[in-house]
Amino acid sequence: KFKIITLVKNLILNIDKNLDSFPKKEIELKQTIRQCSYDLLLVVQEGNVTSNMVRRMELIEKAIAEIKQLDFLINLCADKKIIHDKKYYKFGESLDMIIRYLVAWLNATKQLNNRASL
């Protein structure tokens with residue numbers, strides 16, 4: 001199995017579990033976080049199946065941007081005291097792990113693309 005997809009799926013499950021206690025006035029933030037996490041999954045899956053190296057690199061970079069957006073939104077939740085610091089740090093660890101895998105995947109894809117163009 002593709003490790004990044006597993007990590008993203010686990011992140012989504014963790015987000016869904018922790019979004020249950022969101023206040024009603026923050027429903028838009030909750031929906032944005034949920035949508036962003038699903039968008040991340042779709043981008044990673046598309047990047048995994050595409051054979052076009054340039055497109056794959058674009059998708060990986062988009063996935064990195066999605067992670068950064070999720071990090072910002074979850075940080076906002078912590079600032080608003082919607083989630084506790086402990087949960088925020090757990091989310092941060094998950095996001096950090098996914099970013100590390102994405103950057104490694106991007107670097108490997110760049111090397112393959114450079115070899116193919118020689």
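Student: In which helix is the place of Thr109?

Tutor: In this predicted model, Thr109 lies in helix α4.

Student: Why does Thr109 count as buried?

Tutor: Buried means under 20% relative accessible area, and Thr109 has 3% relative accessibility, so Thr109 counts as buried.

Student: With which residues is Thr109 in contact, leaving aside its neighbours within four places in sequence?

Tutor: With that exclusion, Thr109 is in contact with Met53, Arg56, Met57 and Ile60, where contact means heavy atoms within 4.5 Å.

Student: Which residues of α2 are buried, and against which elements do they pack?

Tutor: The buried residues of α2 include Lys30, Ile33, Ser37, Val44 and Gly47, and the buried residues of this helix pack against α1, α3 and α4.

Student: Which residues touch the most other members of the largest nonpolar core?

Tutor: Among its 36 residues, these are Ile33, Val44 and Leu102. The elements that contribute two or more residues to this core are α1, α2, α3 and α4, and α3 gives the most, with eleven residues.

Student: What is Val44 in contact with, leaving aside its neighbours within four places in sequence?

Tutor: Val44 is then in contact with Phe2, Ile4, Ile5, Val8, Ala63, Leu102 and Trp105.

Note on methods. Residues numbered from 1 in each chain as written. Predicted model: local features only at pLDDT ≥ 70, side-chain atom pairs only at ≥ 80, totals over all residues. Heavy atoms only, no water. Core = buried A, V, L, I, M, F, W, Y, C linked by side-chain atoms within 4.5 Å. Buried < 20%, exposed > 50% of the residue type's maximum accessible area, 1.4 Å probe, protein only. Helix = DSSP H or I, 4+ residues; strand = E, 2+ residues; numbered from the N terminus.
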